[in-house]
Amino acid sequence: MHDGCSGNFENGQEVVDTVRMMGFAGMPLPIPLPVSCHNCTEGFVLATFEYRCPSCGCVHAVTPCHAFDPDNVVSVGVDY
């Protein structure tokens with residue numbers, strides 16, 4: 001279960017797990033977000049709610065309620 005747009009997450013893993021649980025992981029974002037990888041700092045466009053950096057494979061995610069702002073994108077690491 002999730003708390004909707006008021007949900008609080010303590011880390012990137014909780015965001016990724018929630019996006020996966022909700023079935024949004026592979027769905028396209030309403031507007032793709034330009035971001036910098038939190039691991040290798042390479043720039044890329046986050047096209048889906050869960051996305052791997054094309055350079056290093058670090059998993060990034062954003063919840064549907066916060067998909068309008070690149071500052072809301074979090075990462076969980078390469079091995080997740």
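Buried means under 20% relative accessible area, exposed means over 50%, and partly exposed is whatever falls in between (1.4 Å probe, protein chains only). This is a predicted model: local features need pLDDT of at least 70, side-chain atom pairs count only at pLDDT 80 or more, and totals for chains, interfaces and linings use all residues. Residues are numbered from 1 along each chain as its sequence is written, and side-chain values use heavy atoms, with hydrogens and water left out.

Q: Which residues have the most contacts inside the largest nonpolar core?
A: A nonpolar core is a set of buried Ala, Val, Leu, Ile, Met, Phe, Trp, Tyr and Cys residues joined through side-chain atoms within 4.5 Å. The largest one here has 18 residues. Those with the most contacts inside it are Leu29, Leu46 and Val62.

Q: Which elements give two or more residues to this core?
A: Elements here are DSSP runs numbered from the N terminus: helices (H or I) of at least four residues and strands (E) of at least two. By that count, the contributors to the 18-residue core are helix H1 (12–21), strand S1 (28–36), strand S2 (43–48) and strand S4 (59–61).

Q: What does Leu46 touch, not counting residues up to four places away in sequence?
A: Touching is contact, meaning heavy atoms within 4.5 Å. With the residues up to four places away left out, the list for Leu46 is Leu29, Pro32, Leu33, Val35, Tyr51, His60, Val62 and Val73.

Q: What kind of aromatic pair do Phe24 and Phe49 make?
A: Rings of Phe, Tyr and Trp (its six-membered ring) pair if their centres lie within 6.5 Å; planes under 30 degrees apart are stacked, over 60 edge-to-face and the rest tilted. The structure holds two such pairs. For Phe24 and Phe49, the centres are 5.4 Å apart and the planes sit at 65°, so the pair is edge-to-face.

Q: How many residues apart are Phe24 and Phe49?
A: Phe24 is in the loop between H1 and S1, while Phe49 is in the loop between S2 and strand S3 (50–52). Phe24 is partly exposed at 24%, but Phe49 is buried at 5%. The pair links distant parts of the chain, and the separation is 25 residues.

Q: Are the rings of Phe44 and Tyr51 stacked or edge-to-face?
A: Phe44 is buried at 7% relative accessibility, whereas Tyr51 is partly exposed at 27%. Their ring centres are 5.7 Å apart and the planes are at 15°, so the pair is stacked.

Q: Which residue's backbone oxygen does the side chain of Thr48 reach?
A: Thr48 is in strand S2 and buried at 17%. Residues it touches include Ala25, Gly26 and Met27. Its side chain gets to a backbone oxygen at 2.5 Å, and that oxygen belongs to Glu50.

Q: What is the bridge partner of Ala61 in S5?
A: S4 and S5 run antiparallel and are joined by three bridges. Across in S5, Ala61 has as its partner Val74.

Q: Is Thr41 buried or exposed?
A: Thr41 lies in the loop between S1 and S2. Its phi is positive, about 70°, although it is not a glycine. At a relative accessible area of 59%, Thr41 is exposed.

Note on methods
Polar contact = N/O pair within 3.5 Å; in protein donor to acceptor, adjacent residues only side chain to side chain. Pairing = 2+ DSSP bridges.
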